[in-house]
Amino acid sequence: MSDLTEVEVLWLEKRIENRIRFGRIVKERNLDRHRRVLSFAPGSIFAFVRWTSNDFGTIISRIDILRAVAPGQRCSTVPYVTPGGEILLRLSGWPKVERVLQMTDAVEALGIDPADVAPDHWHHVHNRLSVNENPRPYTKARHQAWLHRQRVMR
């Protein structure tokens with residue numbers, strides 16, 4: 001069994017799109033023209049976006065921001081993710097998914113990789129958007145505090 005968390009991404013034009021929005025991929029394997037398996041190291045954070053439609057329009061829009069787990073760690077099952085992951089954010093419905101994508105863009109505009117953002121921020125975004133409230137934006141000061149906390153905790 002691998003120490004890596006594997007995510008199967010799939011693309012079928014105008015039908016299904018499972019993709020990674022951010023995260024550090026350490027290994028990639030092509031299964032066929034439409035499917036790949038991307039692997040993440042334990043502890044790394046990534047965003048997994050799923051979208052499905054039929055002849056009448058979109059039927060699923062979902063985003064999961066997960067932390068890859070080490071072997072033996074508890075995890076939640078997530079479709080297409082093996083063995084699963086620690087869920088930092090899990091939202092569905094296009095308005096909420098779009099909002100998370102906008103917040104991710106805002107983090108990148110600060111020059112910060114979203115994979116390096118404090119996990120608590122993604123929990124905060126999940127909680128606020130779940131009840132239709134506006135989350136606080138991530139700031140450089142908050143990021144510096146997170147980096148300092150990581151250094152102190154080592």
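Predicted model: local features only at pLDDT ≥ 70, side-chain atom pairs only at ≥ 80, totals over all residues.
Biologist: Okay, and which residue does the E28 side chain meet in a salt bridge?

Modeller: General idea to start: side chains of opposite charge can pair when their charged atoms come close. In this case E28 meets R36, at 2.7 Å from N to O. R36 is partly exposed too, with 33% relative accessibility. Salt bridges with shared partners also join E8, D32 and R35 into one network.

Biologist: How many salt bridges does the structure hold?

Modeller: There are 15. One of them pairs D55 with R15, again 2.7 Å from N to O. D55 sits in the loop between β5 and β6, while R15 is in the loop between β1 and β2, so the pair ties together parts 40 residues apart in sequence.

Biologist: Now strands. How do β5 and β6 run?

Modeller: They're antiparallel, joined by 10 bridges. The two form a hairpin with two residues between them, and T52 stands opposite I60 in β6. β6 also pairs with β8 through six bridges, antiparallel as well.

Biologist: And helices? Which residues of α2 are buried?

Modeller: An α-helix has 3.6 residues a turn, so residues three or four places apart point the same way. In α2 the buried ones include H121, W122, V125 and L129. What covers the buried residues includes β2, β5 and α1.

Notes
Residues numbered from 1 in each chain as written. Heavy atoms only, no water. Pairing = 2+ DSSP bridges. Helix = DSSP H or I, 4+ residues; strand = E, 2+ residues; numbered from the N terminus. Buried < 20%, exposed > 50% of the residue type's maximum accessible area, 1.4 Å probe, protein only. Contact = heavy atoms within 4.5 Å. Salt bridge = Lys/Arg side-chain N within 4 Å of Asp/Glu carboxyl O.
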